[in-house]
Structures are given as structure tokens and as C-alpha cells.
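I opened the notebook to record what I looked up, one topic at a time. The structure comes first, then my entries.

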Amino acid sequence: GFYALGMFETLPGFREFYPDAFAVRRALFESWRRTLQLCGFEEYEGAVLEPLELYVEKSGEEIVDQLFHFTDKGGRKVAMRPEMTPTLARMVGSRANALRRPVKWFNIGDHFRYERMQKGRTRSFTQLNVDILGESGVKADVESISTLVSVCRRLGLKSDQFVIRVSDRDLWLMALSALGVTEAAQTGVLAVIDKVERSTDEQTLESLRNAVGPDVDAEVILTALRRLFALKDLASMHQFFGTLQDVGPELSERIHQRLSTWRELIDGLQSLGSWDCCEVDLRIVRGLAYYTGFVFEAFEKGRSSRALAGGGRYDHLIQKLGGPDFPAVGWAMGDVTMMDCLNYHSLAPKLESPARVFAAMEEQTTREAMSDVGRLRDAGVGVSYSYKKAGFGKQFKEANQLGCNWLLIYGGDEVSAGEVLVKDLATGTEQRVARDHLIRFFRERGIGDAK
């Protein structure tokens with residue numbers, strides 16, 4: 001009864017990975033890491049447990065329901081991190097003057113959200129966070145989006161399997177001003193737009209009425225929103241803003257400036273070869289209130305699935321959390337939806353398995369064989385052996401089960417001649433090699449540490 005492990009089950013929403021599943025997961029992380037290093041990003045880590053206040057300050061009181069939070073033994077109110085951005089903002093904010101700009105950092109870390117369980121959502125998830133801080137120019141937005149494209153491409157996704165939908169909070173606020181929506185009401189309207197794809201027309205209109213108040217005609221706004229949603233390129237954006245009436249010269253100039261920034265963004269992404277995976281889509285506004293400019297989401301094409309990644313520019317967050325004025329743009333990608341997408345397209349990543357060697361020995365050659373195992377491992381060659389007293393046949397079988405590429409056979413005759421029989425399991429060829437040349441033998445084949 002004491003050993004009945006059935007008593008203990010994984011907590012809802014928490015995951016465990018047996019080695020075969022973990023190998024796929026590691027391959028995903030290695031692919032992420034490699035791409036980001038190629039794009040010039042450095043890896044960092046933050047604290048998993050943070051003061052609850054950090055999240056309330058950034059996202060408002062309603063966030064508390066979604067957090068794993070508790071009072072610790074020191075009486076502090078703390079929460080498991082639900083996202084990385086506030087931690088990053090604090091880390092960069094506290095060292096802002098000492099850091100070389102732009103700061104290009106990434107993190108692959110676990111996050112926790114206490115939310116309703118549903119497909120594609122777990123309570124602990126691993127997220128890739130990629131941020132560029134300290135650069136307000138559009139080149140940082142270009143780099144951020146093109147890095148997201150590179151991450152998807154390196155995992156094997158093609159432009160007919162994923163798309164980055166690019167939008168702009170700045171342009172939205174200008175458009176709403178031009179439509180007569182007061183500044184106070186604009187955030188409310190953005191919240192409505194964020195839910196448009198999940199709402200009926202009636203619900204959208206009702207929410208709009210609540211957001212804009214009695215002095216503005218919600219139907220007129222809705223019609224304009226629909227026209228904005230339909231814009232798919234820069235030319236149609238210019239055309240739309242050109243037809244707006246009664247836009248003062250100052251706002252008109254700001255809109256013109258913003259559209260030329262769009263031109264720079266698209267040109268930059270075209271030059272880097274990334275724009276063919278992107279499209280203009282103003283339905284994307286991202287729910288979080290702290291975004292300030294270009295926003296974007298990566299979606300899988302062809303299946304109605306959730307976003308693979310999302311992000312945007314958040315120029316004021318670090319200042320809001322008590323740091324200096326430090327512009328920033330970044331995005332995050334979760335492992336759950338990404339793996340689901342890759343599995344669906346039969347693109348589950350694989351780790352390059354290192355060459356593995358199996359030492360098969362007889363009882364009287366154990367000492368020599370084990371001394372070679374120790375030396376080879378120290379030289380960076382991966383060697384396994386059997387713990388049982390078994391004949392060569394059984395040991396060879398074990399080598400196959402472990403997926404080894406090489407066999408070292410310590411027969412009595414070979415060992416007394418100071419040699420070992422080395423068999424290449426891929427080709428079946430075998431040769432006798434002097435024991436003191438073993439390390440060199442593997443080095444010449446690219447196995448083990450270089451000198």
C-alpha cells in the first residue's frame with residue numbers, strides 16, 4: 001500500500017516530460033537559442049518568484065485572479081511569474097546607464113498562470129522572450145519582427161504555413177482621433193477591437209456604444225473600423241486616411257509621418273527577406289494596455305489555431321515601473337502552441353544525437369575495458385557499458401537498444417596484444433586499434449573533445 005503511487009498525480013496544468021519527449025523539447029529550445037544567437041541576442045534569466053505588486057502595477061488588479069500568488073513566510077505578498085516583461089523591465093531599468101545600447105536579450109523560461117484549463121493552455125508553460133531595448137528607431141521593430149520570422153523558418157515552417165500579422169497602436173489612436181473619439185475613450189475602443197474576431201456584430205456595436213459614450217455615433221465608428229480592418233497594404237492605408245474629413249493640419253501631419261514610418265518598416269523587412277511571411281492586418285491591437293506602436297502576432301495558416309507568438313513596442317513600461325525612459329520592442333512565443341503546430345505539420349524538431357560508443361567486455365578484461373571507458377569519457381567520448389555479467393551477444397544487443405554507433409570489443413586475445421576490436425555499427429566494418437590510440441582514433445572521426 002505504501003508504494004501506491006496512484007495517490008500522487010501531477011497537479012492540473014503542470015507537465016512532466018519523459019526522456020523521449022524531453023529530447024524534442026530540448027531540440028525546440030536549441031533551435032530557438034541558435035537562431036537568436038545568429039541574430040545577435042544574448043541570453044539572460046530572471047527570478048521565478050516576484051513581488052505581487054510588480055504585476056498589479058503593470059496590469060491592474062484584475063491580473064491577480066490569474067496568478068499563483070501567496071504570502072511567504074516573511075509576510076511578503078509574492079507571485080510566480082506569469083510573464084517575463086516586468087522582470088526584464090526591472091533588470092534593465094536598474095542598470096540602464098551601464099548597459100550598452102541597444103540591449104538585445106532573450107530568455108527561455110517557465111511561467112505560471114492560474115487559469116481555466118483549455119486546449120493549448122496549461123498552468124505552467126515555457127516561453128521564449130525576445131526584446132530589444134534602448135532603441136526608439138524603426139530599425140529595432142524591423143529586427144524584432146524579422147527575428148520572429150527567422151525563428152519560425154529555422155523550425156521548418158514555410159510562408160504558406162505561418163504569417164506575421166502586423167498592426168499599429170499609434171496609427172489606431174490617430175485614426176480614432178480623426179473619427180472624433182476622445183482620448184479618454186480610445187483605450188476602451190482598442191479593447192473592443194481586440195475582441196472583434198470573437199464577438200458578434202451586435203456585441204461589438206454594444207461595446208462600442210459603451211466605450212465612445214453618447215456624443216459619438218457608434219455605427220459610424222463601426223463602419224470606419226470595418227474599412228480599417230480591410231486595409232491590406234500601404235497604398236490602401238494612404239487612400240483611407242486621405243478620405244477622412246475635418247482632420248486638422250497637425251493630426252494630418254502626424255498621420256503622414258506615421259505612414260512613412262510604415263514604409264521604412266516594410267522596406268526593412270523586405271530587404272531582410274522577411275516581408276513575404278508578413279501582412280498588414282489592423283485587426284491586431286494586442287490586449288495589453290502598455291503597447292505603444294507597432295504590434296504583431298504570428299499565426300499558423302490553414303487551421304483556426306491560437307497565435308504562435310505576439311508582441312510589439314512598449315516604450316513607457318520601464319519608466320512606469322520606476323526606471324528611466326527606455327524605449328523597447330519585443331515578443332514572446334510559448335512552447336505549447338508552437339509544438340502543437342510543429343507536430344501538426346510533422347516538423348517536430350530532433351536533436352543531433354552524439355556518437356555513442358559501447359564497451360563490451362569479458363570478465364577477465366573488465367579492468368582494461370573500464371580504464372579505457374574512464375579515459376574516453378574524460379576525452380569527451382560518450383561511452384556506455386553493461387552492468388550485468390553477460391556474454392558478448394547480450395552486450396551487443398544492449399548496444400543496439402541504446403542506439404550506439406560504435407562497439408569496442410575487449411576479447412582476451414586483443415587485450416593481451418594491447419589492442420581492442422572497434423566495430424562501426426553503421427557500416428559493419430571492424431578493425432583492431434591499439435588501446436593507447438583509441439582517443440586519437442575517435443578524434444580523427446570528429447568524436448570527442450579537440451585537443
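**Entry 1: cysteines.** I started with the cut-off: a disulfide is a pair of cysteine sulfur atoms within 2.5 Å. The model I am reading is predicted. I looked for disulfides and found that the structure holds zero. Next I looked up accessibility. Cys-152 is buried, at a relative accessible area of 0%. Cys-341 also counts as buried, with 0% relative accessibility.

**Entry 2: helix α4.** I checked its length. How much of α4 is buried? I found 12 of its 17 residues buried, so the helix is largely enclosed by the rest of the structure.

**Entry 3: an open sheet.** I traced a sheet of five strands, which is open and has mixed pairing. The order is β13-β12-β14-β15-β16. Its edge strands are β13 (382-385) and β16 (430-434), and each of these pairs on one side only. From one strand to the next, the twist averages 30 degrees.

I then took the pairs around β12. Strand β12 (residues 356-361) pairs with β14 (residues 406-410) in the parallel sense, over five bridges. Phe-358 has Leu-407 as its bridge partner in β14. The pairing of β12 with β13 is parallel too, over four bridges. Val-357 stands opposite Val-383 of β13. Between β12 and β13 the chain passes through α13, and this β-α-β crossover is right-handed.

Which strands does α13 lie across? Helix α13 (residues 366-378) lies across β12, β13 and β14, and runs at about 150 degrees to β13. Helix α14 (residues 392-401) lies across β12, β13 and β14, and runs at about 170 degrees to β12.

**Entry 4: Arg-121 and Ser-124.** I looked up where Arg-121 sits and found it in the loop between β5 (103-112) and β6. Arg-121 is partly exposed, with 29% relative accessible area. Apart from neighbours within four places in sequence, Arg-121 is in contact with Glu-115 and Arg-306. I also looked at Gly-334, which is 213 residues from Arg-121 along the chain; their C-alpha atoms are separated by 9.7 Å.

Ser-124 is in strand β6 (residues 124-133). Is Ser-124 buried or exposed? Ser-124 counts as buried, at 10% relative accessibility. Not counting residues up to four places away in sequence, Ser-124 touches Gly-13, Phe-14, Arg-15, His-111 and Phe-112.

Note on methods. Residues are numbered from 1 along each chain as its sequence is written. This is a predicted model: local features need pLDDT of at least 70, side-chain atom pairs count only at pLDDT 80 or more; totals for chains, interfaces and linings use all residues. Side-chain values use heavy atoms; hydrogens and water are left out. Two strands pair if DSSP finds at least two bridges between them. Helices (H or I, at least four residues) and strands (E, at least two) are DSSP runs, numbered from the N terminus. Axes are lines fitted to C-alpha atoms, for helices over the stretch in contact, and angles run from 0 to 180 degrees between N-to-C directions. Contact means heavy atoms within 4.5 Å. Buried means under 20% relative accessible area, exposed over 50%, partly exposed in between (1.4 Å probe, protein chains only). A crossover is right-handed if, with the strands pointing away from the viewer, the path from the first strand over the helix to the second runs clockwise.
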